[in-house]
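Dear colleague,

I am handing over the structure we spoke about, with the sequence alongside. Please have both open while you read the notes that follow.

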Amino acid sequence: MEFILYILAGLAVGFAVGLTGVGGGSLMTPLLLLFGYPAPVAIGTDLLYAGLTKTTGVYFHQRKGNIRWRIMILLVLGSIPVSLGLNLFVMDADFRENENYEALLTMILGVMLILTSLVIIFQKRIQRRISENSGQDTHSHDIDASPMGFARKHTDIFTVLTGMLLGLCVTLSSVGAGAFGAAVLFVLYPRLKVTHIVGTDIAHAVPLTLVAGLGYLYYGLVDFILLFVLLCGSLPGIYLGTHMGSVMPEKLMRYLLAITLLGLGIKFSFLSGH
């Protein structure tokens with residue numbers, strides 16, 4: 001029965017990702033916690049799950065020319081060193097033996113779920129406001145012009161800092177490389193096409209989640225059987241969700257997803273210890 005339950009979980013998460021484009025790590029780790037897995041195992045397994053499932057997305061986005069590799073490299077320059085540092089100093093045996101270790105990871109997960117839910121709810125509004133303030137066409141291919149009035153070199157610095165923030169959030173919670181990361185990129189690059197924001201965000205998520213996941217793997221915090229079962233369910237789920245997008249109300253599904261993430265975020269942030 002557990003085997004079937006995990007396949008159905010993977011199917012549901014894959015369907016949400018295929019339909020709305022978000023929800024992978026945001027849904028999978030909370031589900032694994034609800035199934036009774038320890039937070040480090042849930043996060044570590046989900047990181048490798050995310051890295052593997054997003055790889056195909058990189059291939060298709062690259063074929064369509066949706067990835068801005070320069071931005072992706074700047075993000076990696078910030079995120080990968082942070083992720084490696086956390087793997088070395090936060091995941092070691094001494095720290096993991098601390099009685100507050102699992103509670104800390106769960107609380108960080110909850111906070112990231114709340115932030116992600118708010119981003120999903122207000123994403124369109126944020127995009128419109130930034131577009132109006134910039135006074136520019138967001139479909140322009142010109143990313144060299146200074147967003148938010150800063151010089152381009154400042155934008156590069158903020159992009160690296162964004163990568164560092166994502167490296168911290170994703171490594172400690174498995175959440176942040178999707179809707180949250182895309183929202184920050186849209187603020188930094190308001191003239192960039194939405195498809196290019198999404199493609200670049202996914203391209204950055206793959207090395208980040210794989211590096212972070214390999215850190216958990218090194219410390220024995222990845223369940224390979226669970227990973228395989230989740231993949232068996234999620235891959236057809238993504239295919240089904242992608243093809244159902246034309247007949248299901250995507251906006252309604254996004255709001256339902258946001259409400260679900262908000263509820264889970266509140267649970268893990270404030271109620272897990274009670």
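Across the whole structure, a search finds 4 aromatic pairs, where rings of Phe, Tyr and Trp (its six-membered ring) pair if their centres lie within 6.5 Å, and planes under 30 degrees apart count as stacked, over 60 as edge-to-face and the rest as tilted. One of them joins Y6 and F35, whose ring centres are 5.3 Å apart with the planes at 50°, so this pair is tilted. The pair links distant parts of the chain, 29 residues apart, with Y6 in helix 1 (residues 2-20) and F35 in the loop between helix 2 (24-34) and helix 3 (39-63); helices here are DSSP runs of H or I with at least four residues, numbered from the N terminus. Y6 is buried at 9% relative accessibility, whereas F35, at 27%, is partly exposed, given that buried means under 20% relative accessible area, exposed over 50% and partly exposed in between (1.4 Å probe, protein chains only). Y6 and F35 also form one aromatic cluster with Y37.

Please bear in mind that this is a predicted model, in which local features need pLDDT of at least 70 and side-chain atom pairs count only at pLDDT 80 or more, while totals for chains, interfaces and linings use all residues. Residues are numbered from 1 along each chain as its sequence is written, and side-chain values use heavy atoms, with hydrogens and water left out.

As for charged pairs, the count comes to 1 salt bridge, meaning a side-chain nitrogen of Lys or Arg within 4 Å of a carboxyl oxygen of Asp or Glu. In it the side chains of D156 and R70 meet at 2.8 Å, N to O. Since D156 lies in helix 7 (residues 152-173) and R70 in helix 4 (residues 69-89), the pair ties together parts that are 86 residues apart in sequence. D156 is buried, at 16% relative accessibility, and R70 is partly exposed, at 39%.

Methods: Helix = DSSP H or I, 4+ residues; strand = E, 2+ residues; numbered from the N terminus.
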